[in-house]
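Hi,

Here is the structure I said I would pass on. Have a look at it, and then read on for what turned up.

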Amino acid sequence: MDPPGGEGPENARRAYLREFLAAGIEGHRTRELQDEILILEASATATVDGEEIGYRRLPVAIRREADRGRRARLEKARLEVVSDRLNPLHLVALERAHGVADELLGASYEAYCERLSGIDFDALERRTEAFLEETRELHLDLLGHYVGRLLPEADLEDLRIHDLARLLHGHRFERLFPGDEMVARIEGTVSAMGLDPTAQGRIEFDLEERPGKSPRAFCAAVRVPEEIKLVILPHGGHDDWATFLHELGHALHFAHVDPESPMEFRRLGDNGVTEAYAMTFDHLLHLPPFLRRVVGVGSIEDFPRFAAFRDLVMIRRYAAKFSYERSLHRDGAGSDRAREYVERLTEATGARAPEALYLEDVDPHFYCVRYLRAWMLAGALHRTLRERFGEEWFRDPRAGELLTSAWSSGQRHRAETLAREELGVEELTFEPVMEMIRERV
C-alpha cells in the first residue's frame, strides 16, 4: 500500500509529511493527557511489604524478584496504579485519537493509520497469524524447558505475567555479562567495524542514575545527524547488553544519515527501518563468536538458545498485540476488549495477561506494526551480513561500510523497498529471523 503514484521521492516525502502532521495533530489534542500520564508515572508510588517503591521502578523490581509471592504483590501494586489512575486517562486519549482520525480522513482509526503508513494491515496480519500457528509447538516446548530450569517455583499451567517477566530476565545468565565493562567492550566492537562509537561526537551516552529517570531506554534524535542522545538506566545482566546494543543501533543509524537529505528522510519515514537496524545490533547476542570475543563468556552454556526463546516470545507477543489492537480500534474499548486482550496475549505468550493492561499496553499509531516489520527486515539484514562477511561480521570493516551506506539514506525507503534495493530480498517474511531462532534451539 504505497503512497498514491508509487514510492517516488516526492510522493514519499509528501506521504511521510502527512503522517507526521496527522501525528502532530493527534499529539496536540491529547497533549495534556500525555503530560498527566507522564507526571503520574514519574510521581506515583506503591507500598509493598512496608517498602515504598516508585511506579517506574516496579517493572525492574518485578523481574529481579526471586520470591514468587512478593513478585505477585509487586505486580498487583503496579496493576492497581494502571487500573485506577492510568487507564481512565488512556481511555480519553484513545477516544480523542479516534476523533482525529474521523476529522482528518473520515475513517476509523485503524484505516487512518493504515492509509497514512502505506502498510497493508490485512497482509501483515495474515503473516502474523501464520507465524503464531507455525511456532505454537516450538514456543510451548521452549517455555516448558525454561520454566522448569529457571522458574521451578512456578506452575506452567498457571504462569502469570510477573512470572514471564522474571523468566525472560534470565537471572542465571546475569553473571556472564559484566556490567562495568559493557560500554567499553561494545565500543570496541563498533570500532572493529571501522566506525566511531560516538560518530565523531554526534552521539552522547546518558548512563547515569537520577531520581525520576525512566527505566525505559531510548534514543533521542534531537538533530539528525548532528545531535543524538542514547539514554539508558543500567541494572546489570544481559538485559543491559541487549538494550544498549539496540539503542546504539538506532543512534548509529541517525548519526550517519546524509545531512543533505530532505528533512522528511532524515527525521520521518518508516520507523520499521530504524527498528530493524536496532534489532540487528541486539541480535548480536545470538552469536556465539560475539559472546566469546566481546562479552568474554568462557562457556556460553545455553544462552544462545535462551536468547532465541526470548525473541520468539516477543514476536509472538507483538503478533497477538497487533490483532488485538485492530479489534480495539475497530470495535472500541470495553469489557469485551479487555477479555480479548487476556485471551490473545495469554495464548501467544503462555502467561496469563491481566485485564488491567488492555489500554496501557497499546502504543499510538499501531507502532507494533513497525516492530513486526523490523523483525522481518532485521532477519534479512542479519542473513546478508553473515553470508557476505561470515559469522564474525561484527569485526569486519566491510560490514561497517555496508551499514553506513544503508544508514545514510535515513528512512527514505520503506522496509520492503530497502530490503529489495539494498539486500536483494524481494519479499519481507519472518523466515530469516526464524532461521536464526531454529539454529539456536
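Is arginine 352 buried, partly exposed or exposed? Arginine 352 comes out as partly exposed, with a relative accessible area of 42%. Before going further, keep in mind that this is a predicted model.

You will find arginine 352 in the loop between helix H14 (335–349) and H15. Its C-alpha atom is separated by 6.2 Å from that of leucine 159, although the two are 193 residues apart along the chain. If you leave aside the neighbours within four places in sequence, arginine 352 is in contact with Leu159, Arg160, Ile161, Val342 and Thr346.

Start with glutamate 51 and arginine 70, whose closest N and O atoms are 2.7 Å apart. Glutamate 51 sits in strand S2 (residues 51–54) and arginine 70 in helix H4 (residues 68–105), so this pair ties together parts that are 19 residues apart in sequence. Glutamate 51 is partly exposed at a relative accessible area of 39%, whereas arginine 70 is buried at 16%.

Next, arginine 71 and aspartate 163 meet through their side chains in a salt bridge, at 2.7 Å from N to O. Here the pair ties together parts that are 92 residues apart in sequence, because arginine 71 belongs to helix H4 and aspartate 163 to helix H7 (residues 161–169). What about burial? Arginine 71 is buried, with a relative accessible area of 0%, and aspartate 163 is buried with a value of 0% too.

Arginine 373 counts as buried at 3% relative accessibility, while glutamate 416 is partly exposed at 32%. There is also a network here: salt bridges that share partners join Glu19, Asp270, Arg370, Arg373 and Glu416.

On to helix packing. Two packed helices are described by the angle between their axes and the distance between the axes. For H15 and helix H18 (residues 431–440), the axes come within 6 Å and cross at roughly 65°. The two helices are therefore roughly perpendicular to each other. On the H15 side, the residues that meet H18 are Trp375, Gly379, Ala380, His382, Arg383 and Arg386. Their counterparts in H18 are Glu431, Pro432, Val433, Glu435, Met436, Glu439 and Arg440. Sorted by class, this contact has five nonpolar, two polar and six charged residues.

H16 (residues 397–407) is another helix to look at, and its buried residues are Ala399, Gly400, Leu402, Leu403, Ala406 and Trp407. They cover an arc of only 160° around the axis, which puts them on the same side of H16. As a reminder, an α-helix has 3.6 residues a turn, so residues three or four places apart point the same way. And which helices cover the buried residues of H16? The cover includes helix H9 (238–255), helix H11 (271–282) and helix H15 (367–389).

Threonine 189, in helix H8 (residues 182–192), is buried with a relative accessible area of 7%. Not counting residues up to four places away in sequence, threonine 189 touches Phe290, Val294 and Phe394.

Finally, some backbone details to check. Most residues other than glycine have a negative phi, and most peptide bonds are trans. Against that background:

- The peptide bond from valine 224 to proline 225 is cis, with omega near 5°. Proline 225 falls in the loop between strand S4 (218–223) and strand S5 (227–231).
- Glutamine 200 has a positive phi, near 55°. This residue is in the loop between H8 and strand S3 (203–206), and glutamine 200 counts as exposed at 57% relative accessibility.
- Phenylalanine 366 also has a positive phi, of about 50°. Phenylalanine 366 is in the loop between H14 and H15 and counts as buried, at 1% relative accessibility.

Cheers

Definitions and conventions. Residues are numbered from 1 along each chain as its sequence is written. This is a predicted model: local features need pLDDT of at least 70, side-chain atom pairs count only at pLDDT 80 or more; totals for chains, interfaces and linings use all residues. Side-chain values use heavy atoms; hydrogens and water are left out. Buried means under 20% relative accessible area, exposed over 50%, partly exposed in between (1.4 Å probe, protein chains only). Helices (H or I, at least four residues) and strands (E, at least two) are DSSP runs, numbered from the N terminus. The arc is that of the directions from the helix axis to the C-beta atoms. Contact means heavy atoms within 4.5 Å. Axes are lines fitted to C-alpha atoms, for helices over the stretch in contact, and angles run from 0 to 180 degrees between N-to-C directions. Angles under 35 degrees count as roughly parallel, over 145 as roughly antiparallel, 65 to 115 as roughly perpendicular and the rest as oblique. Ala, Val, Leu, Ile, Met, Phe, Trp, Tyr, Cys and Pro count as nonpolar, Asp, Glu, Lys and Arg as charged, and the others, Gly among them, as polar. A salt bridge is a side-chain nitrogen of Lys or Arg within 4 Å of a carboxyl oxygen of Asp or Glu.
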